[in-house]
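Hi,

Here is the structure I said I would pass on. Please have a look at it, then read my notes below.

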Amino acid sequence: MEIKQYQAALEAVLFASGEPVALERLAAALEVDVEDAERLAEDLAQEYRTRAGGLMIVRLDDCYQMCTKRDFAPYIRRAMEIRRNTPLSQAAMEVLAIVAYNQPVTKAVIEQVRGVDCSAVLQGLQQKGLVEEKGRLELPGRPLLYGTTVHFLRCFGVSKLDELPPLPQKEGGEQVEVEEPTLDDMIRENEENEALS
């Protein structure tokens, strides 16, 4: 197959998927190695950036997705009668920032940083597809670990977490860090939760 045919096949796969497609899946579908698939995807994305159309191809971590350009969102919204999503609350933004910068992170750590219960906020972020469960911590009670999603990357306009702005600095120039709970803290919290249930 010629390069243009590979790019056309890649374009068709991305269009038909509607979701981010992992580079490995693209390589398997095109029957090429991952490096060639990445080169084809980057070339196609560059071609979309230079053409005057309403579509673009974005890289989201190790995935590629075909989507519309932001400039055309009002037209799409009107055509599909989609109402603008409610903006995130201050509490949701705080929880999302804690998760994004410290993932994978437990609910206990989030609550330790914020100082209040965050169950409802965390559930709302999961419903919006910005946060998801990433597994369980190997401690008594096996607390859930949370992390951000590909949808989070897309919404915030970054292709990987490294592109997020740096954390604020303390006056002495040290980076503000979240204190991970100790094993004793986790066991104590687990016992308290079991006593309440």
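**Notes on the model**

Setting aside neighbours within four places in sequence, G54 is in contact with C67, T68, K69 and F72. This glycine, G54, sits in the loop between α3 (34-50) and β2 (55-60). Its C-alpha atom is separated from that of R70 by 8.6 Å, and the two residues are 16 apart along the chain.

**Confidence**

Keep in mind that this is a predicted model. The protein chain has an average pLDDT of 84, and 82% of the residues score at least 70. Where is confidence lowest in the protein chain? The answer is helix α9 (residues 183-196), with a mean of 56. Helix α2 (residues 23-30) is where confidence is highest, at 94. Where pLDDT is low, the predicted coordinates should not be read in detail.

**The α5/α6 pair**

Helix α5 covers residues 90-102 and helix α6 covers residues 107-114. They pack at an angle of about 125°, and their axes are 10 Å apart. An angle of 65 to 115 degrees would count as roughly perpendicular, and one over 145 as roughly antiparallel. The α5 and α6 helices are therefore oblique to each other. Their crossing is right-handed. On the α5 side, the contact is made by A91, E94, V95, I98 and V99. On the α6 side, I110, V113 and R114 make it. By class, this contact of α5 with α6 has 6 nonpolar residues, 2 charged ones and no polar ones.

**Backbone points to check**

- The peptide bond from Q103 to P104 is cis, with omega near -10°. P104 is placed in the loop between α5 and β4 (105-106).
- E31 is not a glycine, yet it has a positive phi of about 60°. The loop between α2 and α3 holds E31. With a relative accessibility of 72%, E31 counts as exposed.
- R142 is not a glycine either, and it has a positive phi of about 40°. R142 lies in the loop between β5 (131-136) and β6 (144-148). At a relative accessible area of 37%, R142 is partly exposed.

Best wishes

Terms used. Residues numbered from 1 in each chain as written. Predicted model: local features only at pLDDT ≥ 70, side-chain atom pairs only at ≥ 80, totals over all residues. Heavy atoms only, no water. Axes fitted to C-alpha atoms, helices over the stretch in contact; angles between N-to-C directions. Helix = DSSP H or I, 4+ residues; strand = E, 2+ residues; numbered from the N terminus. Parallel < 35°, antiparallel > 145°, perpendicular 65-115°, else oblique. Left-handed = near helix turned anticlockwise from the far one by under 90°. Contact = heavy atoms within 4.5 Å. Nonpolar A, V, L, I, M, F, W, Y, C, P; charged D, E, K, R; others polar. pLDDT = per-residue confidence, 0-100. Buried < 20%, exposed > 50% of the residue type's maximum accessible area, 1.4 Å probe, protein only.
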